[in-house]
Amino acid sequence: PGSCPAPCECSEPAKTVKCVNRNLTAVPPDLPPYVRNLFITGNRLARLPAGAFPAQRLPDLSALNLSGNHLRAVEAGALAALPALRQLDLSGNPLVSLSPQAFGEGGSPLEELALRGALRDHGVLLSLGAMLQAGALRNLSRLELADNGLLLLPAGAFAALLALRQLDLGDSSLVGLRNASLQAPGQLQGLNLSDSSLGVLRNGTPAQLRGGPPALRHVGLGRNAWLCDCAVEDLVAWLKEGDRAEGKEALTCAYPDKVLGKALLKINGSDLNCSVPVDLPSQLQTSYVFLGIVLALIGAIFLLVLYLNRKGIKKWMHNIRDACRDHMEGYHYRYEINADPRLTNLSSNSDV
């Protein structure tokens with residue numbers, strides 16, 4: 001007890017243990033109890049089972065870095081019963097399973113959680129959302145979800161994070177933010193949305209940013225391809241009225257071509273060419289009237305053609321009537337022959 005595991009490097013004065021790039025397949029069981037900062041990175045752990053870090057031997061562990069370990073599964077209880085744990089880094093792991101009970105039933109004192117590039121699987125994202133909503137990580141003050149290719153965020157995922165101050169959603173594929181996604185607690189100070197696929201902030205998002213948490217002072221929106229149409233007016237107004245957006249002078253339009261490269265802060269109504277929208281019911285009513293006029297015109301032309309060709313049509317009808325009558329008389333004649341036995345025999349001996 002107290003010795004350093006063979007594949008690791010230990011420093012008792014710094015309370016640090018490093019097991020970096022050692023091809024480990026499991027957490028070393030004989031970690032020294034004095035460790036506060038533990039780095040197990042660049043290995044091949046594959047899974048983190050329950051009780052991987054026994055609390056009785058690691059009472060002071062406060063910072064745990066497990067990035068780049070090819071982790072695919074974090075099982076229930078894998079990170080439970082660590083009373084001093086404050087920082088956890090699981091970045092760069094291709095997680096496919098994250099148990100909502102990974103931190104145990106009673107929650108965790110964790111304050112900082114980094115999951116950069118670890119939530120590529122949609123099921124893992126849903127599991128994280130369930131974990132956050134259940135309050136298992138209610139003490140989080142910093143949450144890093146960057147570089148995960150996120151398209152949408154679980155509704156209300158951050159509502160239970162009452163202590164959250166920093167939220168990093170950058171370098172993702174976010175094309176928009178639903179209203180529920182920004183229902184963050186009042187302590188939020190920084191929100192990073194840079195390097196995403198945001199073209200426009202719809203669904204009242206600028207209004208939420210305007211009336212959002214009073215502590216929110218830093219919003220990163222850089223390196224997004226902004227679409228400068230009528231829907232960008234609210235965003236431009238929000239940028240002009242405050243200084244919450246970091247580097248807002250560098251935000252430029254990407255579409256359409258006529259405003260390509262123009263700063264959002266210099267966009268005005270003439271650039272957007274926004275007209276007063278026409279009420280949809282009136283548009284439908286106009287369409288129905290036009291359709292009725294067209295159908296009436298077609299009907300009038302059809303009746304005119306019939307009138308001009310009335311004699312030909314009458315002659316054609318008489319011809320059809322005569323043809324049908326001759327045809328029916330032929331059937332009637334054959335029926336009489338078949339009904340008379342004498343005519344039948346005469347028909348069968350027609351050579352006589």
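Which residues lie nearest the centre of the largest pocket? They are Gln87, Leu88, Asp89, Glu112 and Ala114, out of 14 residues that line the largest pocket. The structure is a predicted model, in which local features need pLDDT of at least 70 and side-chain atom pairs count only at pLDDT 80 or more, while totals for chains, interfaces and linings use all residues. Residues are numbered from 1 along each chain as its sequence is written, and side-chain values use heavy atoms, with hydrogens and water left out.

**The largest pocket**

- The largest pocket has a volume of about 160 Å³, where a volume is the space filled by probe spheres set on grid points that are joined across faces, edges and corners.
- A pocket is found on a 1 Å grid over the protein atoms alone, as an open set of points where a 1.4 Å probe fits, with protein on both sides within 12 Å along at least five of seven lines, and its lining residues have an atom within 4 Å of a point.
- Two or more residues of the lining of the largest pocket come from each of S3, S5, strand S7 (87-89), strand S9 (112-114) and strand S10 (142-144); strands (E, at least two residues) and helices (H or I, at least four) are DSSP runs, numbered from the N terminus.
- The lining of the largest pocket divides into 7 nonpolar, 3 polar and 4 charged residues, where Ala, Val, Leu, Ile, Met, Phe, Trp, Tyr, Cys and Pro count as nonpolar, Asp, Glu, Lys and Arg as charged, and the others, Gly among them, as polar.

**Strand pairing**

- Strand S2 (residues 16-20) and strand S3 (residues 37-41) run parallel and are joined by 5 bridges, and two strands are said to pair if DSSP finds at least two bridges between them.
- Val20 has Thr41 in S3 as its bridge partner.
- S3 is also joined by 3 bridges to strand S5 (residues 63-65), again in parallel, with Phe39 opposite Asn65 in S5.
- An open sheet of 3 strands has the order S4-S6-S8 with parallel pairing, and its edge strands, S4 (47-48) and S8 (97-98), each pair on one side only.
- Within this sheet, 2 bridges join strand S6 (residues 73-74) to S8, and Ala73 stands opposite Ser97 in S8.

**Disulfides**

- A search of the whole structure finds 3 disulfides, a disulfide being a pair of cysteine sulfur atoms within 2.5 Å.
- Cys4 is joined to Cys10 with an S to S distance of 1.9 Å, and this link is right-handed, with 80 degrees about the S-S bond.
- Cys8 and Cys19 form a disulfide with their sulfur atoms 1.9 Å apart; because Cys8 lies in the segment before strand S1 (9-11) and Cys19 in strand S2, the pair ties together parts that are 11 residues apart in sequence.
- Cys8 counts as buried at 8% relative accessibility, and Cys19 counts as buried at 0%, where buried means under 20% relative accessible area, exposed over 50% and partly exposed in between (1.4 Å probe, protein chains only).
- Cys228 and Cys253 form a disulfide with their sulfur atoms 1.8 Å apart, and the link of Cys228 and Cys253 is left-handed, with -90 degrees about the S-S bond.

**An annotated region**

- Over residues 3-37 the chain is 0% helix and 26% strand, with the end C-alpha atoms 16 Å apart.
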